[in-house]
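Dear colleague,

I am passing on to you the structure we spoke about, together with some notes on what turned up when I went through it. Please read the notes with the sequence and the structure open beside you.

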Amino acid sequence: MALTQMAEPAGIINKYGPKDDRAFRQIVAGAAPEIRELAHAVRSLVYDVLPQTVEVVWPKQGSVGWGTGPKKFSEQFAYLMPFKRHVRLGFYYGGELPDPAGLLPTAGGRQASGRLAMRSMKLTTLEQVRQPALRALLHDAVLHKVPTPSSKN
């Protein structure tokens with residue numbers, strides 16, 4: 001009888017909240033110091049907007065997702081990907097969110113099912129992360145088409 005190894009899960013679920021950034025640090029480890037700082041600022045903002053955020057790090061994709069649960073397209077509201085000179089902050093339902101400041105492009109990707117109106121923005125400075133319009137966008141994303149957050153954290 002042959003033993004079958006189980007595949008490792010694709011995402012690493014952070015069960016301890018903002019104080020546990022080990023997996024997150026792995027995603028940004030190869031980035032320049034200013035990009036790591038930018039990514040950590042976005043992460044802090046997400047946890048400030050929703051303290052009980054469920055964070056899932058996707059090492060193979062080089063991304064992190066945030067939501068009210070670990071399921072990428074049904075429980076997560078935002079994701080981040082670090083790049084050489086910026087970070088990309090995306091919203092699974094970004095095309096449906098109120099965006100009076102025009103932070104998000106008006107056109108963007110759709111999943112094969114056609115259910116998600118994904119939008120993402122490029123962030124290059126801490127000032128962009130600190131703008132009230134981004135906080136408002138994250139707040140609206142938390143309330144849009146994702147389950148109510150758990151109060152377990």
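How many residues does helix 4 have, and how far does helix 4 reach from its first C-alpha to its last? Please bear in mind throughout that this is a predicted model. Helix 4, which covers residues 132-143, has 12 residues and reaches 17 Å between those two C-alpha atoms, close to the 16 Å expected at 1.5 Å a residue.

The protein chain has four helices and six strands, and their order along the sequence follows the pattern β-α-α-β-β-β-β-β-α-α. Of its 153 residues, 44% count as buried. Among the contacts between residues at least 6 apart in sequence, 54% join residues that are at least 24 apart.

To return to helix 4, its buried residues are L134, L137, L138, A141 and V142. Seen down the helix axis, these buried residues fall within an arc of 140°, and so they line one face of helix 4. In general, an α-helix has 3.6 residues a turn, so residues three or four places apart point the same way. The buried residues of helix 4 pack against helix 2, helix 3 (126-130), strand 4 (76-82), strand 5 (87-91) and strand 6 (119-123), whereas the face turned away from the buried side carries the exposed residues P132 and L143.

Just after helix 4 comes K145, with a positive phi of about 60°, and this is a positive value in a residue other than glycine. K145 has a relative accessible area of 48%, and therefore counts as partly exposed.

A search of the whole structure finds one cavity of 30 Å³ or more, and the volume of the largest cavity is about 30 Å³. A141, listed above among the buried residues of helix 4, is one of the residues lining this cavity, together with F77, Y92, Y93, L97, H144 and V146.

The last item concerns T53, in the loop between helix 2 (33-49) and strand 2 (54-58). Is T53 buried or exposed? T53 counts as buried because its relative accessibility is 1%, the cut-off for buried being under 20%. A polar atom of the T53 side chain lies 2.5 Å from the backbone oxygen of L50.

With best wishes

Note on methods:
Residues numbered from 1 in each chain as written. Predicted model: local features only at pLDDT ≥ 70, side-chain atom pairs only at ≥ 80, totals over all residues. Heavy atoms only, no water. Buried < 20%, exposed > 50% of the residue type's maximum accessible area, 1.4 Å probe, protein only. Polar contact = N/O pair within 3.5 Å; in protein donor to acceptor, adjacent residues only side chain to side chain. Expected span 1.5 Å × (residues − 1). Arc of directions from axis to C-beta. Contact = heavy atoms within 4.5 Å. 1 Å grid on protein atoms, 1.4 Å probe; cavity = no way out; pocket = protein on both sides within 12 Å on 5 of 7 lines; lining within 4 Å. Points joined across faces, edges and corners; volume = space filled by probe spheres on them.
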